[in-house]
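I opened this model to look up a few local features and note what I found. My entries follow in the order I took them.

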Amino acid sequence: MQISRNKPWLAPLAGYSDLPFRLLCREYGCRAACTEMISAKGLVFESPGTSKLLETGPADSPLVVQLFGSEAEYCAQAMKLLVKAGFTAFDLNAGCPVRKVVKTGAGAGLLRNPKHLYQIAGTMVQEAGQGRVGVKLRSGWDIAGTLHSEVFQELERLGVAWITVHPRTAKQGFTGRADWGFIRRVQEKVAIPVLACGDLFSAEDAVRCLKETGAAGVMFARGALNNPMIFSRFRQLMDGKNESAVPAHWAPADFKTMILRHMQLCREGQDAVRSLLKMRSIIPRYLKGFPGAKDLRRRIVSAGSWEELEELIGRTALGGEG
Ligand SMILES: Cc1cc2nc3c(=O)[nH]c(=O)nc-3n(C[C@H](O)[C@H](O)[C@H](O)COP(=O)(O)O)c2cc1C
């Protein structure tokens, strides 16, 4: 995986970082994208839905498959299946704080037991080979359990090729602020690249985060969900364009184009009916902040067909006459 400061990543986002959304983000300049988190056990037992999460295509590259699991045996079997299917880059989820996941010892549950974390990460490296596995983690289980530098160094020693840090504890969930200082301290302790994640809501946030942390790259999560065009603005800023030369806000027409493109990518997918329902809940977020969008949002959530949805978006002036 090429990791560099001007090549932003799209985070794994359960329920959102599906193929159409990844392709959309790539068109706006996202360099590497992660799948939604995928259960190692689900993959091994071919649970319905898991294979859908692995849908990809030639334009969806480089792609990082994110796995979660707590049993090394299943993780090894899942990795074998993925490698056999042709996937080449992987990430271990060691940050998901959701109860259902944590109580099995997976996700952020791994942070409570570093030995277990090493075992799963080591297994994944063994199956995939050097340079192909990253680990995405939070700063610890809770404040008292904040991870020490040895944890990161051990992951590096095991052959983990990059580490993504979301500097909040699992207990914090999404409350409080991401502690970028923690990212800086991790990057200072390891030679492998660290990807910074956490509170990157704008391209400017990401530029500032790189400056403050010395991280090797950035990963957008909620910032991309709110506006996938964040990637293009970030790349423009990183290319040295003066902030004032890059408009701070996109024109309504840009949003319309982006939304219509997202819809088109969904319609090209294998499950257009399901994605219509999903799109009806996604578009309102894109429209947040536009004056007059409230009424439009109401109509969008009850649109019965792609045509109706398209017409609604096409007809509106987003805050103007529409
Ligand atoms: C809706 C949603 C789904 C997420 N799903 C995952 C996931 O599947 N795997 C993962 O490692 N992190 C997941 N995360 C965490 C994000 O990847 C990211 O670490 C977090 O949102 C912090 O970045 P931000 O503050 O810029 O949003 C998710 C976050 C959100 C909001």
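Predicted model: local features only at pLDDT ≥ 70, side-chain atom pairs only at ≥ 80, totals over all residues.

**Entry 1: Thr 169.** I placed the residue next: Thr 169 belongs to strand S7, residues 162-169.

Then I listed its contacts, leaving out neighbours within four places in sequence. Thr 169 touches Arg 138, Ser 139, Gly 140, Trp 141, Asp 142 and Ile 143. I also checked Pro 97. It sits 72 residues from Thr 169 in sequence, yet the C-alpha to C-alpha distance is 8.8 Å.

**Entry 2: strand S4.** I turned to S4, residues 63-68. Five of its six residues are buried, so the strand is largely enclosed by the rest of the structure.

Which strands pair with S4, and in what sense? I found strand S2 (residues 32-34), parallel, over two bridges. Strand S3 (residues 38-39) is also parallel to S4, again over two bridges. Strand S5 (residues 90-94) pairs with S4 in the parallel sense over three bridges.

Ala 33 bridges to Leu 63 in S4. Ser 39 has Phe 68 of S4 as its bridge partner. Val 65 stands opposite Phe 90 in S5.

**Entry 3: helix H12.** I checked the length of H12, residues 272-287. Its 16 residues, at 1.5 Å a residue, should span 22 Å; the end C-alpha atoms are 22 Å apart, which agrees. I still looked for a bend. H12 bends by about 30° at Met 279.

Met 279 is also on the list of buried residues in H12, with Ser 275, Ile 282, Ile 283, Tyr 286 and Leu 287. I recalled the general rule: an α-helix has 3.6 residues a turn, so residues three or four places apart point the same way.

What covers the buried residues of H12? I found that the cover includes helix H1 (19-27), helix H11 (252-267), helix H13 (293-300) and helix H14 (306-315). Just past the helix, I noted Gly 289, with a positive phi of about 95°.

**Entry 4: the ligand.** How many residues surround the ligand? I counted 22. The closest are Ala 11, Pro 12, Met 37, Ala 221 and Arg 222. I sorted the shell by class: eleven residues are nonpolar, seven polar and four charged.

How values were computed:
Residues numbered from 1 in each chain as written. Near = placed C-beta within 6 Å. Nonpolar A, V, L, I, M, F, W, Y, C, P; charged D, E, K, R; others polar. Helix = DSSP H or I, 4+ residues; strand = E, 2+ residues; numbered from the N terminus. Expected span 1.5 Å × (residues − 1). Bend = angle between axes of the 7 residues up to and from the residue. Buried ≥ 20, exposed ≤ 12 C-beta atoms within 10 Å, placed from the backbone. Contact = placed C-beta atoms within 7 Å. Pairing = 2+ DSSP bridges.
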